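Hello,

Here is the structure I promised to pass on to you. Please have a look, and then read on for some notes on what turned up.

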Amino acid sequence: MPETEQGVNERRGRDETQEERADRMWTELIQEVRVAQMGVQILFGFLLTVVFTPTYARLSDTDQTIYLITVVLGACATGALIGPVSLHRLVSGRRIKAQAVRWASRLTVLGLMLLLATTSCSLLLILRVATHDGFVPYLVAGVVGWYLLCWFALPMWARYRHTAR
């Protein structure tokens, strides 16, 4: 075992096989995906109902375009975040869990990026309809910055800062 500067033995990492690690990582990934799936499915479900309201017909062409883009982004985010479940089901028992975890992780990150875009477009549309003020793009940009900080910058900083080189 590696020795620290104080001369005390310190254990690093986990004592697990490749298969055990893949199982653990899969379980952790699926728990994370469940949270994101719930959010995107609720948002997407809400978005699907908007077109059937009387207010939709009164939206400007620009707002209707924002709405259509938002719905497509929501559909894509839903697909990417449900993808890991389908991937697991179709490759289960094929002894490729480590590869499946990598692909599912990529789908999850893609789904999070699409969820960020969907949420941002939804916020833009709602604030444009609710306020008609010129500050809306700046407010949305601030929220996007907040999402980027919470969802990507902070995790990447922690990864860089606390990962052994």
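A charge is said to sit over a ring if NZ of Lys or CZ of Arg is within 6 Å of the ring centre and within 35 degrees of the ring normal. By that rule, Arg-106 lies over the face of Trp-103, at 5.1 Å from the ring centre.

A word on the basis: this is a predicted model, in which local features need pLDDT of at least 70 and side-chain atom pairs count only at pLDDT 80 or more, while totals for chains, interfaces and linings use all residues. Residues are numbered from 1 along each chain as its sequence is written, and side-chain values use heavy atoms, with hydrogens and water left out.

Next, the aromatic rings. The structure holds two aromatic pairs (rings of Phe, Tyr and Trp, the latter by its six-membered ring, with centres within 6.5 Å; planes under 30 degrees apart are stacked, over 60 edge-to-face, the rest tilted). Tyr-56 and Tyr-67 pair edge-to-face, with 5.2 Å between centres and 65° between the planes. This pair links distant parts of the chain, as Tyr-56 is in helix α2 (residues 54-57) and Tyr-67, 11 residues apart from it, is in helix α3 (residues 61-91); helices here are DSSP runs of H or I, at least four residues, numbered from the N terminus. Both Tyr-56 and Tyr-67 are buried (under 20% relative accessible area; exposed is over 50%, partly exposed in between, with a 1.4 Å probe and protein chains only).

Tyr-147 and Trp-151 are stacked, 4.9 Å centre to centre with 15° between the planes. About one helical turn separates them, because they are four residues apart in helix α5 (residues 136-162).

Best wishes

Key:
Helices (H or I, at least four residues) and strands (E, at least two) are DSSP runs, numbered from the N terminus.
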